[in-house]
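Here is a note for a colleague who is opening this entry for the first time. Please keep the sequence and the model in view while reading.

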Amino acid sequence: MKSLGEIEEGLAEKAEPVLGFKPSSKFKRGPIGILIYVVCGIIAFFSLRSAGVF
């Protein structure tokens, strides 16, 4: 069983060619990462609401 850090590192390496940079935990926990999480949450909420879930 892999640790969460190892899984995260593997996903970051796979995402690097697509994004052009290697995402890190520091990026996700910083203000930009928190803003991205909030925006994605709002989009998901409105998507579920329009689908009739809420």
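The points below go from the chain as a whole to its helices and then to its aromatic residues.

1. This is a predicted model, in which local features need pLDDT of at least 70 and side-chain atom pairs count only at pLDDT 80 or more, while totals for chains, interfaces and linings use all residues. Residues are numbered from 1 along each chain as its sequence is written, and side-chain values use heavy atoms, with hydrogens and water left out.

2. The chain contains three helices and zero strands, in the order α-α-α from the N terminus on; helices (H or I, at least four residues) and strands (E, at least two) are DSSP runs, numbered from the N terminus.

3. Of the 54 residues of the chain, 7% count as buried, where buried means under 20% relative accessible area, exposed over 50% and partly exposed in between, with a 1.4 Å probe and protein chains only. The accessible surface comes to about 4700 Å², and 70% of that surface belongs to carbon and sulfur atoms; such areas come from the Shrake-Rupley method with a 1.4 Å probe, and for residues only the protein chains shown count as cover.

4. Helix H1, residues 4-19, has 16 residues and reaches 21 Å from its first C-alpha to its last, close to the 22 Å expected at 1.5 Å a residue, the expected span being 1.5 Å times one less than the number of residues. H1 bends by about 25° at glutamate 13, with proline 17 following within four residues; the bend is the angle between axes fitted to the seven residues ending there and the seven starting there. After H1 comes glycine 20, whose phi is positive, near 90°.

5. Helix H3 has 21 residues and reaches 30 Å from its first C-alpha to its last, close to the 30 Å expected, and H3 is followed by glycine 52, whose phi is also positive, near 90°.

6. Which kind of pair do the rings of phenylalanine 45 and phenylalanine 46 form? Their centres are 5.6 Å apart and their planes stand at 70°, so the pair is edge-to-face (centres within 6.5 Å; planes under 30 degrees apart are stacked, over 60 edge-to-face, the rest tilted). Phenylalanine 45 is partly exposed at 38% relative accessibility, and phenylalanine 46, which lies in H3, is partly exposed at 49%.

Key:
Rings of Phe, Tyr and Trp (its six-membered ring) pair if their centres lie within 6.5 Å; planes under 30 degrees apart count as stacked, over 60 as edge-to-face and the rest as tilted.
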